[in-house]
Amino acid sequence: MDAAVPAGDQTIWLDASSFLSSVCNELSVGELVHGENFRLFEAMSALEIMDPKMDAGMATTGFKTFEEAIESGAAPIELTIPQLVDVFDHILACEATWQNGHALAQTVFSCLYLLNVDRTAPNALLHAFCKTTRASCSMIRTAIALADIHEEEDFITMAYGLPVEGEGDSRCLALLNTVEEVVARQLRGCKGGLSTKKKSLEDAEPLQDDPALEEGYCHAILCRLRFRKALYHILTYMDKPQGRGLEMARKHILVALSELQNIRSSSAFLSFGQAPDSVVESKERGSTASGRVAIGFDECVNRRLLAPTPPRSISILSWEDTLAYFEKLLQDLDRICSLPMTLGLEEILQFVMDYQKLKPDLFARARLQLLLLHDGKLLGRDPLAIALVKVFNVPQSVMANDHQTQAFTTQAARVTKQLLKIMCTNTAWQRRKLGRILQDWGNLLQQSKVTRDVSIEGSQLGDEVIQTENMLTAWVAEQTCWVVRQFLMLGFQLDLYSLSEFCMVYWYLDHVLLSALHYKLAKESQTTPAIDSPDSVKKKGKKKKGSAALKQPKTPKDGKFMYSVHLLQCYSDLCKGFIWMLTALTRDRKLLHRETIFNTEQERFFQRFDLLHKLMIPAPMSYFHYKDSTSQMHISVKELYQLSYDHFMAVQQHLQELGASAAKASELSAVSRTQLALEVKQMEQVSLRNRVALQIVHQVGPGDNLRVSFEFSQHPCFPVAVVKKS
Amino acid sequence: MAETERREADGSAKEADIGRVEEEDSKTSDGAGSGRIEYVSYKDETQLPDIMALIDQELSEPYSIFTYRYFITLWPDLCFMAFHEGKCIGTLVCKMGQHRNTFRGYIAMLVVVKQHRGKGIATELVTRCIQVMRDAGCDEVTLEAEVTNLGALALYGNLGFIRAKRLHRYYLNGFDAYRLKLLFPRPHDANRMLLGGGYSMDPYQMHDCSKLDHDHDQVLFTKATSFSIQVQNS
């Protein structure tokens, strides 16, 4: 018998097929012959070898190895200019696809030229572009790996043996500059082409054969080279710690955006002559400006470098989507570059929260995280503990002498650092992580209240210690409320809540907002407007330990962060508007909540808020309190509609106050300012449209002749009621 | 684990007007339509080829036979099939077990063939299975569903599941998923006092926030200005 494995001295090969079939027939239904270590659970990861659906290496089409592909001429070094432009474009599309979470092997390194960059040396343009691409991808990969916020997004930092770095990649700029100069000269040359001057020896060779098209192709190549170069510069400058390179990065971002526009405009020229396909939308036309398929790419060549899971074919981003991706990325990076390096901790947290509303992609968020926490320090400068001491306003004497305050500050620094990192992750993952760190904030609160062994001589220091404790407790309380508020509001943005849950969520959110408001106002009333230095603390005299600050603190007029107070008031009134509207609509039978057979509203309340019940601040709220508060049976439906209306009306007032205080808030970053202005408009619309809806339902009698639905068309967390005849 | 348990649930409801669907579902469950659908619990491996064929046909994930065997061999009581005129037209594959400190049911695969969707078959399969899970002592039931699968989301929402978490790019086609969870009422919560987490609250004592840091009720009756709702002249 002919076999790959030869029989040995003591062995022969026998055909066991008939033996196996008869044994199989002996097995009863459900019996399985297996090895000793067999477990059904582990067996689930089994892949049927040689089944193309499961075995990535078994794809029957395409080249099996890189060498085979090269030998078959799949990646010629000599390319026409149109072909070269296509290659450049497709590489960009691959990069965009890669940054969106797909494997390097199937995206960037599906480019045969990139798999062996040295080979491209005879083609100067191709070589420069490839070297710079590889260097850029390496920087991006490193940044994302360092930031460590990518787990959930399927971004694979592992290279699996791909040649992600090359010798001499740092010289790529020099190569780029050289070829850029050549093409630029050629462009100048062909622009002056009508002149009868004799061609000088310096004139470069034309890029391609058709003189009529020469200018167009020079432009096309040039803007792509310049874009590549600008992108490389941006990456290098943004990598400098403590924001030292941000200003230069911004300049290059402008260049990159401008070249991107040029690239966009070149599409018309490049796709000219392509058979127009009216059926295919521009998005589906492929990943190059010309619409042609680029030479030199093969998705399958790296199939053995993929993870051992069933193979998946991915689609490279279309050209339109590629351009859109880079445009957005550049704008998102620009916003990071505009971050003033003088921001304090609270402004930074506000910035990150506002920045996230623009839905930045992974690389931008990674860059932000690296800037904010470089070397474990805030903005790469102050250790977080130092930054916190400034925020706490703790007297020097206490900080120097009180061990418990020091221990607390260290702990607070750790928890805050974690919070900052979490705030840079994608919103879905962020919410889950915020839920998990609530425990840490609860512990921190406990720690701030630890009874001190005040054995320090002299009542002066003792007073200060007690006051410090109150300040620290208030700080933790306020921050915890901030985290909980973000946790709850993200639920709307992630579309986690169904309509029947809105009322309880707004109710709980309102409670959290009121707690946050209390601690914020308490803090504001402690600092006088004129004094900004962190060392002077206005003493309010002895306070009883553990007692809350003033129940109804006076509203300070020009305090820092007043805009955030007004914002909380807006949110609170909106919540109340919804609570009463939803309660009224339910009672009025314009909103139906069906009974569910397996559980009741109480279970769902528990599921939503159990995590929050472990905290002391904001105080846990029970389902019974919720039902009690919202039943209000002694108030009629029409009065409830009125109540809701009044709250939406109150929002209008607070919005005006918000606008005024925001204008005075010099500490706001540009991003936060823009976001706030947008949100004011959104809340205005929410307030207005809901009042209109309330007017409609108020007139109509009870019953189901009208149906009310809610749409998040204006603000991501506060919907608009839409009334329709049913 | 999650990697191999990915599946697409195919709910029977896909209409935009989700509100109406449940009524139709329950009608067909009790009424004339369901008389032609036979629901059976898994018995033995002779049924496995039908189940595999159905799921392979409708879902895009490549499951090996071991995946089916894992679920169905260990939890045959949680595997259900729907038959129409002798042909298997729907199936459900689940498991249950201890997960940290809860006893949890997990719905792995749910499929109903295209022609028989919209009749409440999926709801019926799921309902039967959840009943078994509940009776077996599960504290909760969970599953993942793609965010665009409106039918599944409506089906489970109607049964009391909440969208507990969002999973970014859970499916490799780039789509997010929700983790859906159903919490059963606790038997020792007979008088509904305990909320769990070691926190008990007396239901008869209203929680008074004014003792801490704010007052809900005070805000309720304070109106800055009173605006009466204008009755529109049409």
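Buried here means under 20% relative accessible area, exposed means over 50%, and partly exposed lies in between (1.4 Å probe, protein chains only). By that rule, 53% of the 234 residues of chain B count as buried. For chain A, 53% of the 726 residues count as buried.

This is a predicted model, in which local features need pLDDT of at least 70 and side-chain atom pairs count only at pLDDT 80 or more, while totals for chains, interfaces and linings use all residues. Residues are numbered from 1 along each chain as its sequence is written, chains are lettered from A and ligands numbered from 1 in the order in which they are written, and side-chain values use heavy atoms, without hydrogens and water.

**Chain make-up**

Helices (H or I, at least four residues) and strands (E, at least two) are DSSP runs, numbered from the N terminus. Chain A has 23 helices and four strands. Chain B has six helices and seven strands. Along the sequence, chain B reads α-β-α-α-β-β-β-α-β-α-β-β-α.

Contact means heavy atoms within 4.5 Å. In chain A, residues 24 or more positions apart account for 79% of the contacts with a separation of 6 or more. In chain B, 64% of the contacts between residues at least 6 apart in sequence join residues at least 24 apart.

**Domains 2 and 3 of chain A**

Domain bounds come from an automatic or database domain assignment. For chain A it gives domain 1 (66–191 + 207–271 + 287–334), domain 2 (339–495) and domain 3 (497–527 + 556–671). The C-alpha centres of domain 2 and domain 3 of chain A lie 24 Å apart. Their contact takes 31 residues from domain 2 and 32 residues from domain 3.

Buried area is the accessible area (1.4 Å probe) that two parts lose on being put together, summed over both. Between domain 2 and domain 3 of chain A it is about 2800 Å², and carbon and sulfur atoms give 73% of that. On the domain 2 side, Glu478(A), Leu488(A) and Phe492(A) lose the most area to domain 3, together 22% of what that side buries.

A salt bridge is a side-chain nitrogen of Lys or Arg within 4 Å of a carboxyl oxygen of Asp or Glu. The rule finds one across this interface. Glu478(A) and Lys520(A) meet through their side chains in a salt bridge (2.9 Å, N to O).

Three helices, α11 (345–356), α16 (427–448) and α17 (459–493) of chain A, each supply at least two residues of the domain 2 side that touches domain 3. Helix α17(A) gives the most, with 13 residues. Thr473(A) also lies in α17 of chain A. Thr473(A) counts as buried at 12% relative accessibility. Beyond residues up to four places away in sequence, Thr473(A) touches Leu445(A), Ser448(A) and Lys449(A).

Over all chains, the count comes to 32 salt bridges.

| Pair | N to O distance |
|---|---|
| Arg264(A) and Glu320(A) | 3.8 Å |
| Lys377(A) and Asp375(A) | 3.7 Å |
| Glu501(A) and Arg608(A) | 2.6 Å |

Which helices hold Glu501(A) and Arg608(A)? Glu501(A) is in α18 (residues 499–524) and Arg608(A) is in α20 (residues 601–609) of chain A, 107 residues apart. Glu501(A) is buried at 2% relative accessibility, and Arg608(A) is buried at 6%.

Arg264(A) sits in α9 (residues 246–270) and Glu320(A) in α10 (residues 319–337) of chain A, 56 residues apart. Arg264(A) is partly exposed at 27%, as is Glu320(A) at 31%. Lys377(A) is partly exposed at 27%, whereas Asp375(A) is exposed at 58%. Elsewhere, Glu180(A), Arg226(A) and Lys229(A) are linked in a network of salt bridges.

**Inside chain B**

Why is helix α5 (residues 150–158) of chain B largely enclosed by the rest of the structure? Seven of its nine residues are buried. Among them are Leu153(B), Leu155(B) and Tyr156(B). Just after α5(B), Gly160(B) takes a positive phi of about 105 degrees.

In helix α3 (residues 65–74) of chain B, the buried residues include Tyr68(B), Arg69(B) and Phe71(B). The cover over the buried residues of α3(B) includes α2 (40–43) of chain A, together with α2 (48–58), β3 (87–99) and β4 (102–112) of chain B.

His84(B) is in strand β2 (residues 80–84) of chain B. His84(B) is buried, with a relative accessible area of 12%. Leaving aside neighbours within four places in sequence, His84(B) is in contact with Arg36(B), Ile37(B), Ile89(B) and His116(B).
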